[in-house]
Amino acid sequence: MPPIPVPTPRELLQRAKMFIPPLLDKMHKGQQGRVAVIGGCEDYTGAPYFSANASALLGADMSHVICEPQAAQVIKTYSPNIMVHPYMRQSHHTQEGMQSAEEISQKTIDLLERLHAIVIGPGLGRDALMQDTAAKIIEAAKARNMPMVVDADGLFLVQNRPSIIKGYTKAILTPNRAEFARLCAAMKVDPQGCDEAEVCAKLARAFGGVTIIQKGPKDHISNGKQTFVCDLEGGLKRSGGQGDTLTGSLVTFLAWTRAYRDRIWNLSRRGTDEVGYSSHDNSLSDSELNSLSAFGAAAVTRYCSRVAYEKKGRALQASDLSVELGNAFNYLFETENPKL
């Protein structure tokens, strides 16, 4: 049997465009995406903000941060566009009568019914109670069949408790090089003798079909069955926080898959509709939606990184990527034949 041809980057972006909902006057607030970033402790307030802000700037209607109270006070000052909920607790900040992860997680679990997708991990930290609470939230999200992104110290949780995510194919893990190595060690995946794409696929299979974005000079994306490489040119500055642009973009794409599944718009075939979006004639599977979401978000992030680096050079910071998100979407998804 001949090998299945690998789609080109342009073909992958066109496929991803199929499930991006158009802006129509009949739509109401929330249909373009309701997302939450769960993380943020007293030491790390930038990461959850950058992630939630990226989701809003890419197009999510409603973007929440669920964090520890001291982090909430700070994040609220960053932007009035983000809804901030002080529901998490660190071990040394618990209130009497509210000590367990089960109790602390309940407010966040109650909020899940109003959300389409979540990010777990930016700014979460490694405090035991924060980790245990995140684990409770992951289990509740899985019970609701909710798409999720796991990053940063959420990956520390997965590294130590692989079963919490193994086999849940609506999850996407976004490790950097060091986090990827630790996940491989946890899952006993030997990278020796394999190229990066093969190792990424092996780790995805070890996790039972979870999609993985291995961030690096090229982003390798695999669900264990199919592997894509996003090698669009990015910037050369590696300042902290750029990965949060990826998670925020990715959770928005995952929220858009909900709109696609719910059939909230009904347009004619591509080429005959005036908006230029696809109909649902050729349905995308869950695994395709995850892989295409991952590729789309990686492409957006790399475009933002390149353009921001061209403007700022060595001075580039994570906030410089944020301001390029609208332009990135317009260029990659609304420009005819973008140069990739």
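D195 caps the N-terminal end of helix α8, with a side-chain oxygen 3.2 Å from the backbone nitrogen of A197. Such a polar contact is a pair of N or O atoms within 3.5 Å; within protein, one must be able to donate a hydrogen and the other to accept it, and residues adjacent in sequence count only if both atoms are side-chain atoms. Please keep in mind that this is a predicted model: local features need pLDDT of at least 70, side-chain atom pairs count only at pLDDT 80 or more, and totals for chains, interfaces and linings use all residues. Residues are numbered from 1 along each chain as its sequence is written, and side-chain values use heavy atoms, leaving out hydrogens and water.

**The chain as a whole**

- The protein chain has 12 helices and 9 strands; helices (H or I, at least four residues) and strands (E, at least two) are DSSP runs, numbered from the N terminus.
- With a radius of gyration of 19 Å, close to the 20 Å that the globule rule gives for 340 residues, the protein chain is as compact as a globular protein of that length. The radius is taken over C-alpha atoms, and the rule is 2.2 Å times the number of residues to the power 0.38.
- The C-alpha trace spans about 60 × 55 × 45 Å along its principal axes.
- Of the 340 residues, 56% count as buried. Here buried means under 20% relative accessible area, exposed over 50%, and partly exposed in between (1.4 Å probe, protein chains only).
- Among contacts between residues at least 6 apart in sequence, 69% join residues at least 24 apart; a contact means heavy atoms within 4.5 Å.

**Around helix α8**

- Helix α8 covers residues 196-206, and its buried residues are V199, C200, A201, L203, A204 and A206.
- The cover over these buried residues includes α7 (177-186), together with β7 (211-214), β8 (219-222) and β9 (227-230).
- Just after α8, G208 takes a positive phi of about 75°.

**Polar side chains in buried places**

- Q32 lies in the loop between α1 (9-17) and β1 (34-38), and is buried with a relative accessible area of 6%. A polar atom of its side chain lies 3.0 Å from the backbone oxygen of P22.
- Beyond its neighbours within four places in sequence, Q32 is in contact with P21, P22, L23, M27, G59, A60, D61 and W256. The C-alpha atoms of Q32 and T257 are separated by 9.9 Å, although the two are 225 residues apart along the chain.
- Q242 belongs to helix α9 (residues 242-261) and is buried, with a relative accessible area of 13%. The backbone oxygen of K237 lies 2.8 Å from a polar atom of the Q242 side chain.
- Leaving aside neighbours within four places in sequence, the contacts of Q242 include T301, S305 and L316.
- S63, found in strand β2 (residues 62-66), is buried with a relative accessible area of 2%. A polar atom of the S63 side chain lies 2.8 Å from the backbone oxygen of A52.
- A52 sits in helix α2 (residues 46-58) and counts as buried at 0% relative accessibility.

**Aromatic rings**

- The model has 8 aromatic pairs: rings of Phe, Tyr and Trp (its six-membered ring) pair if their centres lie within 6.5 Å.
- Ring pairs link F19, F253, W256, F329 and F333 into a cluster. W256 is also one of the contacts of Q32.
- The charged end of R263 sits over the ring of Y260, 5.1 Å from its centre. For this, NZ of Lys or CZ of Arg must be within 6 Å of the ring centre and within 35 degrees of the ring normal.

- Most residues other than glycine have a negative phi, and two residues here are worth a look.
- N145 has a phi near 60°. N145 is found in the loop between α5 (128-143) and β5 (148-150) and counts as partly exposed, at 43% relative accessibility.
- K188 has a phi near 55°. K188 lies in the loop between α7 and α8 and counts as exposed, at 75% relative accessibility.

Definitions and conventions
Phe/Tyr/Trp six-rings, centres within 6.5 Å; stacked < 30°, edge-to-face > 60°.
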